[in-house]
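Subject: Handing over the structure, with notes

Dear colleague,

Here is the structure I promised to pass on to you. Please look through it alongside the notes that come after it.

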Amino acid sequence: MNKVLDTIISKLYIAELFNYLNNCIDIVIGAFNTEALSMEFVWNTIAAFFTIAIFSFLIKDNTLYKIAESIVVGIAAGYFTILLLWTSFKPKFWDMIVVEGKWWYVIPGILGLLMYFRFNRKLNWLARYPLALYIGIGSGIAIPLMLQTFVIKQFKATMLPGNLHSWEGVNNTLIVIMVLAGLIYFFFSVPHKGIVGKTATFGIWVIMIGFGASFGYTVMARVSLLIGRIQFLLGNWLKLIE
Amino acid sequence: MMNIWDKLLNLDRRFIYLAVFLAAIIPFLFPVGLEINPTQEVISIYNFIEELPEGTAILLAADYDPQTEAENGPQARALLRHMFKRNLKVIIMTLSQDGAALAEMLTKSIAEEYEKEYGVDYTYLGYKPYPSIIILSIGQDFRISYPADFYDTKLNDIPMMREIKNYNDLAAIIQIGGGNVSNMWLTYAQERYKVKLALAVTAVSGPQYYAFLQSKQIFGLIGGLKGAAEYETLLESEYDRLHLHKKAIQGMNVQNFVHILIIALTIIGNIAFFMKRHPKHMKTKG
Amino acid sequence: MKRRIPILIVSITGFLLTVQYFCPHPYSEAFYNNALDWLVIIGIFAMPLGIYSMVRIQFQKVARQESGWGFAVISLISLFVMLGLGYTPKCLEAGSFFMKLFEFIYIPIQATMFSLLAFYIASAAYRAFRARNLLASIVLVSAILVMLGRVPIGMAIHPIFPEIADWIMNFPNMAAQRAINIGLGLGAASTAIKIVLGVERSYMGFE
């Protein structure tokens, strides 16, 4: 009787076990059958592997980190070459000459190719021509625009009506004093002595407050990048969070 | 024998790494919802987009790359969602080589959410090298640097681009990125062509642009993940309507803990430093 | 030929483009448009220079079997795999295998490399961010106030923290950045003027 019971129980257990295993297999197969889901998981696992490989550098420099680093160099160069080929070279150069017949586009093309003579000891002077064109045009355009953007407009915005009767007036007065003090600190043609020295000292205090603010923001920036990776690991990959 | 201050000063850096790691992981698993108050510089951009008439063309320069995607990505998504919600005609481009892929993925996914039609509601121009030259050339005509879009369709064959020649036909440019390229947009687009410009930058670049905000050379500024979280807060009803995940707001909740940890580490480091430098304090205070 | 002509090209184009800003005549506009058009093309050809240089270095490493040449092989294999997969413009569209490699290998590696900075900045704050003197103390206090004021917990501790952070950002920080910007603008413009006048030639490799 016992034997029969044991057999029944063991069969029941076996049946349950089989059922359980079957369910598991169904889930796995189901996941792989919904191709998009499984492929997404596979790709995310690859991404997670490389993410962890880079994090491993925090413990110690290691081969896995170096492999990931080398892969990045190759992929970056390959991607950029292909991107330039299909989205810049083809529409802006090849199609212009071959399809639209603008043959004169060959001239800037040749000028661009001259850059490659940089690697030739005898003919590297040829690379100076396209460089000259670039630097000449770039400098010519930059002179008035840099002065306008970074100097004239910035000075103009500093000329504010200051007073000590309102909060806004006090802040305006502070802006004028702080900007001038900061500028005096950077002005080394006059010795920083007497009133100039004191103003320059106040100027460096202002600049230090600015650097403190920049440090605070930098902390936020770096932490955001880490948060991004953890959102990926816990969210996209492990689905532990939304 | 090493005392406690020596031990603290010589703490293995990996303990600090572990603390940072835990401070960044635990809040995800046990979220604490704290209020995020939008600042005026972010509200300015929101109001500007909110008040534009439907069908107005706007340029979104997504000049960020994978390194800063965690900060700039949520900014870009929030801005593009707002633009599509307002039915603006959006031109998306990038001056970051690695950003070409990111901008394409961003554009496709958000356009799908809003069922927008390519070429009618939005156009993706892609990447071109040498940012300053590209920015200047668009001021003359988009077609100088972009004879075709990212998918090699001539600009004149794209319905919404037929009426758009240069910056004069745009309501504004909103640039997402930071650093040198943002300076170029300021100099070569805003100053040269007097086009309205707002910036969404990484937190590292953020402080630099307050000077341009005060001088009104830019009309708004979104700084880092905090700025993105502020924009998500302003668009909260839209995010809830579409059941979208507020990634920046979630991220800011984690920022709380890591910031507190870093402030605590700074204070502990300083106390240990001063106790070591002035041993008398050590004796009196035990 | 080797020295004077490039310098002359710089001076002439630089002068013409500076003048063009102030004289928006149709002729000068046409010249400006063409100059930009040409530069876009030169840029397209010049850009792969860096890639060419990188490939050369990696090949040299492998050929000479320098230390870590195995990693150079990995870089070259990844490069050629990408080049092979990029035979059609369709490869650049999201969803292609080419883009999958970019999205799930390149992006996570790059993003994670930069996220390591979060650990380093925490370590630096603990080890090096010291109130050694008045100036360092100002930086420290300002940083802590901004850090507190810019996260939601600052507001939860006391509503004064976001206000202080706002004030620091909009006034002292703004003034400091402005002083730096003005210096930057003056420096950049004066260097450009020196280049156009032919005084500054080091960019060409001349002394």
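The notes below go through the chains and then their contacts.

Please keep in mind throughout that this is a predicted model. For chain A, the mean pLDDT is 87, and 85% of the residues reach a score of at least 70.

Of the 242 residues of chain A, 42% are counted as buried. Among the contacts in chain A with a separation of 6 or more, 15% are between residues 24 or more positions apart.

Chain B contains 13 helices and six strands, and the C-alpha trace of chain B spans about 80 × 40 × 35 Å along its principal axes. Chain B has 286 residues, of which 55% are buried, and, among its contacts between residues at least 6 apart in sequence, 72% join residues at least 24 apart. The chain is divided into domain 1, made of residues 4–30 together with 251–285, and domain 2, residues 40–245. Taken over C-alpha atoms, the centres of domain 1 of chain B and domain 2 of chain B are separated by 39 Å.

Several strands of chain B can be followed from one to the next. Strand β1 (residues 57–62) of chain B is mostly covered, with five of its six residues buried, and it pairs in the parallel sense with strand β2 (residues 89–94) of chain B over five bridges. Within that pairing, B:A57 stands opposite B:K89, and the bridge partner of B:I58 is B:V90. Together with helix α4 (residues 69–85) of chain B, β1(B) and β2(B) form a right-handed β-α-β unit. β1(B) is also joined by four bridges to strand β4 (residues 173–177) of chain B, and these two strands run parallel; here B:L60 stands opposite B:I174 of β4(B).

The chain passes from β2(B) to β3(B) through helix α5 (residues 99–113) of chain B, in a β-α-β crossover that is right-handed.

Turning to the contacts of chain C, the one with chain A takes 95 residues from chain C and 95 residues from chain A. On the side of chain C that touches chain A, the elements that give two or more residues are α1 (4–22), α2 (26–46), α3 (49–64), α4 (69–85), α5 (97–127), α6 (134–149), α8 (160–170) and α9 (172–196) of chain C. By class, the residues on this side of chain C divide into 75 nonpolar, 16 polar and four charged.

In the contact between chain C and chain B, 46 residues of chain C meet 45 residues of chain B. The elements that give two or more residues to the side of chain C that touches chain B are α2, α5, α6, α7 (152–157), α8 and α9 of chain C, and the largest share of that side, 15 residues, comes from α5(C). The side of chain C that touches chain B is made up of 31 nonpolar, eight polar and seven charged residues.

With kind regards

Methods
Residues are numbered from 1 along each chain as its sequence is written. Chains are lettered from A and ligands numbered from 1 in the order in which they are written. This is a predicted model: local features need pLDDT of at least 70, side-chain atom pairs count only at pLDDT 80 or more; totals for chains, interfaces and linings use all residues. Two residues are in contact if their C-beta atoms, placed from the backbone, lie within 7 Å. Ala, Val, Leu, Ile, Met, Phe, Trp, Tyr, Cys and Pro count as nonpolar, Asp, Glu, Lys and Arg as charged, and the others, Gly among them, as polar. A residue is buried if 20 or more other C-beta atoms lie within 10 Å of its own, exposed if 12 or fewer, and partly exposed in between; C-beta atoms are placed from the backbone. Two strands pair if DSSP finds at least two bridges between them. A crossover is right-handed if, with the strands pointing away from the viewer, the path from the first strand over the helix to the second runs clockwise. pLDDT is the predictor's confidence in each residue, from 0 to 100. Domain bounds come from an automatic or database domain assignment.
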